[in-house]
Amino acid sequence: MTDVRLERPVTCDQLRAFLAGLDTMIDPGKLRDDTRFTDAGADSLDFFNVLTSIHAATGVEIPDQDVPLVNTLAGLAAYLTDRMA
Amino acid sequence: MARLRTRRFSVGDEAALNDVYLHFVSDRWPNAARSLPLMRWLWYESPAGPADSWLVEAENADGSWRIVGHHGLCPMRFTLGDVDLVCGKTTNTFLMPEFRSEFVYLRFEQQCLAEVRSKYDITYSNAPGVTRLRQALGYVKHDSWIELEHGSARFDLATRGVMRLVQHRRHAPWTQLARAWRTIALQTARRPPFSLVEYSPDEAAASAFFSDFWPQARGEAGLSPRRDVADLSWRYWKRPGARVATLVHTWASGARAFALVDVAYPYNFSLLDFFVTPMRADLLDAFLDALFCWSLQRGALTLRFGTTASGQPAHFMDVFRKRMRPHPMSRWRAPSDFVYRVSPAGHAAGLKIPAWNVTDFVVVERPITSPSPSSTHGVQ
């Protein structure tokens with residue numbers, strides 16, 4: 001688990017710091033804003049862990065139909081900024 | 001970006017799912033093939049009931065839907081002493097690569113498990129590379145799959161080498177070499193104390209031998225696939241396209257043993273399942289002698305056997321390791337882990353999992369009529 005807090009407006013750099021604290025195969029340093037997580041080495045478990053950790057940290061649950069919107073840093077940042085209290 | 005949805009498999013989906021499955025695995029296993037009757041056998045005919053099967057679909061431009069992913073559980077009857085269990089074997093799990101950024105597969109499988117939480121006591125899986133994923137769903141690793149093979153009592157390495165030569169060169173002079181070598185191996189084989197009785201599938205199903213075998217043997221088997229006539233019939237004797245020899249022996253003392261051997265490939269047979277009761281090492285040793293001799297007489301140069309390192313009692317593994325050798329590529333192949341998950345229903349029943357008694361029986365969907373029976377077809 002990561003100690004990084006996500007605050008509005010959520011930025012890509014915040015998310016990189018957040019991901020760096022998770023146990024995944026993603027290298028946040030190599031993740032561009034518009035790179036899909038799976039193209040950066042994430043497998044199904046990593047993607048699952050990211051979304052689960054985001055939910056735990058922010059209270060924002062991402063339903064299945066919105067998954068294509070959050071599969072990049074930029075998409076995820078915009079999504080969370082819209083929905084976080 | 002296509003819309004995605006999930007739904008339960010329904011009757012009539014077989015052809016579409018089978019096509020997609022074969023297309024998905026064809027890159028990794030070019031020889032992968034599965035007929036529709038075989039698929040229907042797997043989906044519908046288990047004594048434990050039809051498979052649970054879920055589809056992931058993507059919407060086409062014309063509003064129709066196509067299958068892009070699947071998760072399945074094939075119900076298998078197991079026993080643990082006097083207790084009857086229903087275990088689910090993961091089957092044909094896949095998601096097309098282009099959708100892995102659009103769909104959280106693990107959440108989907110988590111939902112599938114929740115739907116059937118009351119049906120299965122345990123679910124299990126045996127596939128390379130999925131342990132990490134499935135551990136996130138509560139699966140624990142039991143062990144890794146191992147493959148052993150036996151060539152001959154003497155010149156074992158050479159015999160296994162000849163099998164590999166002729167495996168990919170099924171023409172003269174290699175087949176002549178194989179036949180000549182088999183004659184030599186037969187001459188130098190340990191003489192078994194008895195010969196095995198061979199049943200046809202129909203004879204086996206109707207035999208007195210199997211009618212009461214499992215009720216007597218199950219008490220010492222630990223956690224084990226059920227080997228009643230109905231289970232063996234489905235798994236082997238009535239399986240579409242299977243060529244399985246059923247071999248039995250009864251000792252004067254009343255001890256019994258059987259073996260089910262895939263004989264589809266002429267030079268390399270596979271021991272798919274066996275059981276010796278009582279589970280004594282000396283009985284197994286003598287039974288293997290008879291089995292190895294029978295295999296040679298039937299034309300096979302080698303006999304392979306798959307299990308996990310702890311999937312047999314320790315004294316049985318001692319015998320297997322003494323009489324058989326690891327597959328030569330085992331050092332370089334990624335292991336297939338055997339992982340399992342006790343369901344909420346299993347936990348509620350207080351299920352305590354001892355060692356599993358494991359043979360190819362538990363890998364229900366693995367094709368058994370191929371030149372390389374040690375390969376697994378399809379993610380599991």
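Predicted model: local features only at pLDDT ≥ 70, side-chain atom pairs only at ≥ 80, totals over all residues.
**Stop 1: where the chains meet**

Show chains A and B together and select the residues that touch across the boundary. On the chain B side 14 residues are in contact with 18 residues of chain A. The two chains bury about 1500 Å² between them, and 56% of that area is on carbon and sulfur atoms. Now select Ser101(B), Arg107(B) and Arg132(B). These residues supply 40% of the area that chain B buries against chain A, more than any other three residues.

**Stop 2: a cis bond in chain A**

Stay with chain A for one selection: Arg8(A) and Pro9(A). A cis peptide bond joins Arg8(A) and Pro9(A), with omega about -10°. Pro9(A) lies in the segment before helix 1 of chain A, which covers residues 12–20.

**Stop 3: a cis bond in chain B**

Move to chain B and select Ala172(B) and Pro173(B). The peptide bond from Ala172(B) to Pro173(B) is cis as well, and its omega is near 0°. Colour helix 5 (156–167) and helix 6 (174–188) of chain B; Pro173(B) is in the loop between them.

**Stop 4: Phe9(B)**

Select Phe9(B), in the loop between strand 1 (4–8) and helix 1 of chain B. Is Phe9(B) buried or exposed? Its relative accessible area is 14%, so Phe9(B) counts as buried, the cut-off being under 20%. Next, show what surrounds Phe9(B). Beyond neighbours within four places in sequence, Phe9(B) is in contact with residues including Glu14(B), Leu17(B), Met39(B), Trp43(B) and Trp54(B).

**Stop 5: helix 1 of chain B**

Select residues 14–26 of chain B, which form helix 1. This helix has 13 residues, so at 1.5 Å a residue it should span 18 Å; its end C-alpha atoms are 18 Å apart, which agrees. Show the side chains of the buried residues: Glu14(B), Leu17(B), Asn18(B), Val20(B), Tyr21(B), Leu22(B), Phe24(B) and Val25(B). When looking along a helix, keep in mind that an α-helix has 3.6 residues a turn, so residues three or four places apart point the same way. What do the buried residues of helix 1 of chain B pack against? Their partners in chain B are helix 2 (36–44), strand 2 (52–59), strand 3 (65–80) and strand 5 (94–95).

**Stop 6: Leu42(B) in helix 2**

From that list, go to helix 2 of chain B and pick Leu42(B). Leu42(B) is buried, with a relative accessible area of 3%. Leaving aside neighbours within four places in sequence, the contacts of Leu42(B) are Arg34(B), Ala51(B), Cys74(B), Thr91(B), Val364(B) and Glu365(B). Draw a line from Leu42(B) to Thr91(B): these residues are 49 apart along the chain, with their C-alpha atoms separated by 9.4 Å.

**Stop 7**

Select Thr90(B), which belongs to strand 4 of chain B. Thr90(B) is buried, with a relative accessible area of 0%.

Then select Asn92(B), in the loop between strand 4 (83–90) and strand 5 of chain B. Phi of Asn92(B) is near 55°, a positive value in a residue other than glycine. Asn92(B) is buried too, with a relative accessible area of 0%.

**Stop 8: helix 11 of chain B**

Select residues 281–297 of chain B for helix 11. Helix 11 has 17 residues and reaches 24 Å from its first C-alpha to its last, close to the 24 Å expected. The helix is mostly covered, with 14 of its 17 residues buried. After helix 11 comes Gly299(B), whose phi is positive, near 105°.

**Stop 9: the largest cavity**

Rolling a probe the size of a water molecule over the atoms shows where empty space is left. In this model there are three cavities of 30 Å³ or more. The largest has a volume of about 110 Å³. To centre the view on it, select His150(B), Gly151(B), Phe292(B), Cys293(B) and Leu296(B), the closest to its centre of the 17 lining residues. Which element gives the most to this lining? Helix 11 of chain B does, with five residues. Strand 13 (302–308) of chain B also supplies at least two. Colour the lining by class to finish: nine residues are nonpolar, five polar and three charged.

Notes. Residues numbered from 1 in each chain as written. Chains lettered and ligands numbered in written order. Heavy atoms only, no water. 1 Å grid on protein atoms, 1.4 Å probe; cavity = no way out; pocket = protein on both sides within 12 Å on 5 of 7 lines; lining within 4 Å. Points joined across faces, edges and corners; volume = space filled by probe spheres on them. Helix = DSSP H or I, 4+ residues; strand = E, 2+ residues; numbered from the N terminus. Nonpolar A, V, L, I, M, F, W, Y, C, P; charged D, E, K, R; others polar. Expected span 1.5 Å × (residues − 1). Buried < 20%, exposed > 50% of the residue type's maximum accessible area, 1.4 Å probe, protein only. Contact = heavy atoms within 4.5 Å. Buried area = accessible area lost by both parts, 1.4 Å probe.
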